[in-house]
Amino acid sequence: MARRQRFWPAALALTVLMFAQAARSTPSPEEHKVITALIQRVEQMEALQFMRNGNPHTAAEAAEHMQAKYRHFNKEIVTAEDFIARCASRSEMTGKPYTVKLGDGKAQPASGFLMQELRAVRRQGR
């Protein structure tokens with residue numbers, strides 16, 4: 001009987017921890033709006049070229065890819081920063097970082113570029 005009494009508090013604590021983690025493992029409605037706005041912002045950039053695994057993609061293709069990864073990894077994302085790190089910075093298959101090229105043709109890491117764009121989205125939302 002003593003073993004059973006020790007088991008229940010630990011099981012209860014583990015259950016509470018799992019539910020707390022699950023509750024935090026999806027973006028809030030507000031953060032979802034920010035992520036969606038970021039994806040839409042990328043989609044509208046006509047001069048953007050998104051490089052994945054050495055292959056160029058249009059802004060619309062990049063946005064579609066980010067949206068698909070967002071749907072897939074949604075349970076692991078809480079913030080827009082999580083979204084950038086998990087869905088828009090590197091290839092899941094190769095681990096290679098994504099890059100972007102703007103009108104000047106100069107490549108830059110997608111993560112830094114998207115963090116800059118995220119700051120702009122957040123400023124506009126105020």
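Tutor: Helices (H or I, at least four residues) and strands (E, at least two) are DSSP runs, numbered from the N terminus. On that basis the protein chain reads α-α-β-β-α-α-β-β-α along the sequence, with five helices and four strands. The model is predicted: local features need pLDDT of at least 70, side-chain atom pairs count only at pLDDT 80 or more, and totals for chains, interfaces and linings use all residues. Residues are numbered from 1 along each chain as its sequence is written, and side-chain values use heavy atoms, with hydrogens and water left out.

Student: Why are H2 and H4 called oblique to each other?

Tutor: Axes are lines fitted to C-alpha atoms, for helices over the stretch in contact, and angles run from 0 to 180 degrees between N-to-C directions. Helix H2 (residues 29-43) and helix H4 (residues 80-87) pack at about 50°, with axes 9 Å apart. Angles under 35 degrees count as roughly parallel, over 145 as roughly antiparallel, 65 to 115 as roughly perpendicular and the rest as oblique. H2 and H4 are therefore oblique.

Student: Which residues in H2 and H4 meet?

Tutor: Contact means heavy atoms within 4.5 Å. Glu 31, Val 34, Ile 35, Leu 38 and Ile 39 in H2 meet Ala 80, Glu 81, Phe 83 and Ile 84 in H4.

Student: What makes the pair of Tyr 70 and Phe 83 edge-to-face?

Tutor: Rings of Phe, Tyr and Trp (its six-membered ring) pair if their centres lie within 6.5 Å; planes under 30 degrees apart count as stacked, over 60 as edge-to-face and the rest as tilted. Here the centres are 5.5 Å apart and the planes stand at 80°, so the pair is edge-to-face. Tyr 70 lies in helix H3 (residues 59-73) and Phe 83 in helix H4, 13 residues apart.

Student: How do you know whether Tyr 70 is buried or exposed?

Tutor: Buried means under 20% relative accessible area, exposed over 50%, partly exposed in between (1.4 Å probe, protein chains only). Tyr 70 has 2% relative accessibility, so Tyr 70 counts as buried. Phe 83, at 0%, is buried as well.

Student: What does Ser 111 count as?

Tutor: Ser 111, in helix H5 (residues 110-124), has 32% relative accessibility and therefore counts as partly exposed. Leaving aside neighbours within four places in sequence, Ser 111 is in contact with Ile 84 and Ser 89.

Student: What sits over the ring of Phe 73?

Tutor: The charged end of Arg 86 does, 3.8 Å from the ring centre. The rule asks for NZ of Lys or CZ of Arg within 6 Å of the ring centre and within 35 degrees of the ring normal.
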